[in-house]
Amino acid sequence: MGIAILFGTFILCLVIGVPVAICLGVSSAAYLVFYADIPLVVFSQKIFSGVDSFVLLCIPGFIMAGSLMNGGGITDRIIRFASAGVGWVRGGLGLTNVAGSMLFAGISGTAVAEAASIGAVMIPGMKKAGYPVSFAAAITAAASTVGPIIPPSVPMIIVGALSGVSVGRMFMAGAIPGIMLGLGMMLVCYIIAVKKNYPRQPWKGWKELWHSFLGAFWALMLTALIIGGLLSGVVTPTETAILACVYAFVIGVYIYKGITLRDVPKIMIDSAITSAALLALVGVANVFGWIMANEEIPQTIAKTMLSISTNKYVIILLINILLLIVGMFMETIAALIILFPPLLAVAVGVGIDPIHFATFAVLNLMIGLTTPPVGICLFVCANIAKTPLSSVIKEIMPFLAGNILVLLLVSFIPQLSLWLPNLLFGAR
């Protein structure tokens, strides 16, 4: 009965279009009120305990740093550099879109922010250059999923808080899979561009490539600051996020001069609102996850999977199928908080390294951001392009196929995610 109330209320709210955070909160409250003999004060206590983590302080820090850099005109500089590098190839603006997202990934750490920032520039630009607007929206949505894989990554910060795994190791584990994901999408884009004879830009010369690199240099150095701070061991991930904010403030105000001191309060308020919404989701998802644990749902999931097989590779396949389905309907952070702990227990039980598991789990749920019916990045890019969602879904299918192929490679070849953190931090 309790499970029926919990999931029935959640699904009902989701179907009628209620935001995921509120769905989780309402269904959890319904369970406590109508079924469990537990005081309602537990609801607020569990929300607080869900966000009471030093590691989670990274999130507002990286969001603030990304907002400062983006407000300083960084998007245009990164796209100019990417365009100078790959714009001359057939389908060059599509390749620029993906390359821009890969470079921007080191600044934003969130897929939705990346889709909105890159999409606002690239979708109108691709449309003007002669690309179908639905294709422009599709490749922007697909490319935005690179952001939370290449460090820094908000979902991987959440994973670190949930599992106690080193956030620094998690960041490094995502680097190679993130690059593979980006290169895979560039290959798909090139094949489609050749087949449909999409336009390309003229080669602008080494001089333009050099000048565009200099223009984007200080922005790209933010990624170096983040990774360097983590690898040196001088600062924690949370302290790295604060240093990134200070760096972004100096670059945006005094070097790029894209923002003024008057703009900073508004950027801080917008970043606080974004962070609060994300942390509120983390809080209510923690209540939902606690109720699931109370009902022994994680144990049931684990027993069901292990009853099918104890073979490591079969379990990896089953986990991927489950997460791909969940990613079609649920927001990434909520899905991680609810499903990551029980699935991690299953993975470790059959000999899967926790960092390897976390990497392909996050990658899997990132793909979910571009899968219907609840692909948030699809909605963002379709709105920017002012085109029907159905046309964007049709165009994104080849990119989804390529992304799933990369997911399978990362899932079944552990060294793709483990080699770099083991090299830099030492084998565990």
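Lys386 sits in the loop between α19 (376–385) and α20 (389–412). Its phi is positive, about 55°, although Lys386 is not a glycine. This is a predicted model: local features need pLDDT of at least 70, side-chain atom pairs count only at pLDDT 80 or more, and totals for chains, interfaces and linings use all residues. Residues are numbered from 1 along each chain as its sequence is written, and side-chain values use heavy atoms, with hydrogens and water left out.

**Loop lysine 257**
- Lys257 also has a positive phi of about 55° and is not a glycine.
- Lys257 belongs to the loop between α13 (237–255) and α14.
- Lys257 is exposed, at 63% relative accessible area.

**Helix α12**
- Helices here are DSSP runs (H or I, at least four residues), numbered from the N terminus.
- α12 covers residues 205–232 and has a kink of about 55° centred on Phe217.
- The bend at a residue is the angle between axes fitted to the seven residues ending there and the seven starting there.
- Buried residues (under 20% relative accessible area) of α12 include Gly205, Glu208, Leu209, Ser212 and Ala216.
- Ala219, Leu222, Thr223, Ile226, Gly229 and Leu230 are also among the buried residues of α12.
- Gly233 follows α12, with a positive phi near 80°.

**Nonpolar core**
- A nonpolar core is a set of buried Ala, Val, Leu, Ile, Met, Phe, Trp, Tyr and Cys residues joined through side-chain atoms within 4.5 Å.
- The largest such core has 144 residues; Leu24, Phe135, Ile319, Phe357 and Phe399 touch the most other members.
- Helix α17 (residues 332–349) gives the most to this core, twelve residues.
- Leaving aside neighbours within four places in sequence, Leu24 is in contact with Phe10, Leu281, Val284, Ala285, Phe288, Ala334 and Ile338. Contact means heavy atoms within 4.5 Å.

**Second largest pocket**
- A pocket is an open set of points on a 1 Å grid over the protein atoms alone, where a 1.4 Å probe fits, with protein on both sides within 12 Å along at least five of seven lines.
- The second largest pocket holds about 320 Å³ of space, the volume filled by probe spheres set on the points.
- It has 14 lining residues (an atom within 4 Å of a point).
- Phe7, Phe10, Val326, Met330 and Leu339 are the closest of them to its centre.
- Its lining has 14 nonpolar, no polar and no charged residues.
- α1 gives the largest share of this lining, four residues.

Definitions and conventions: Helix = DSSP H or I, 4+ residues; strand = E, 2+ residues; numbered from the N terminus. Buried < 20%, exposed > 50% of the residue type's maximum accessible area, 1.4 Å probe, protein only. Nonpolar A, V, L, I, M, F, W, Y, C, P; charged D, E, K, R; others polar.
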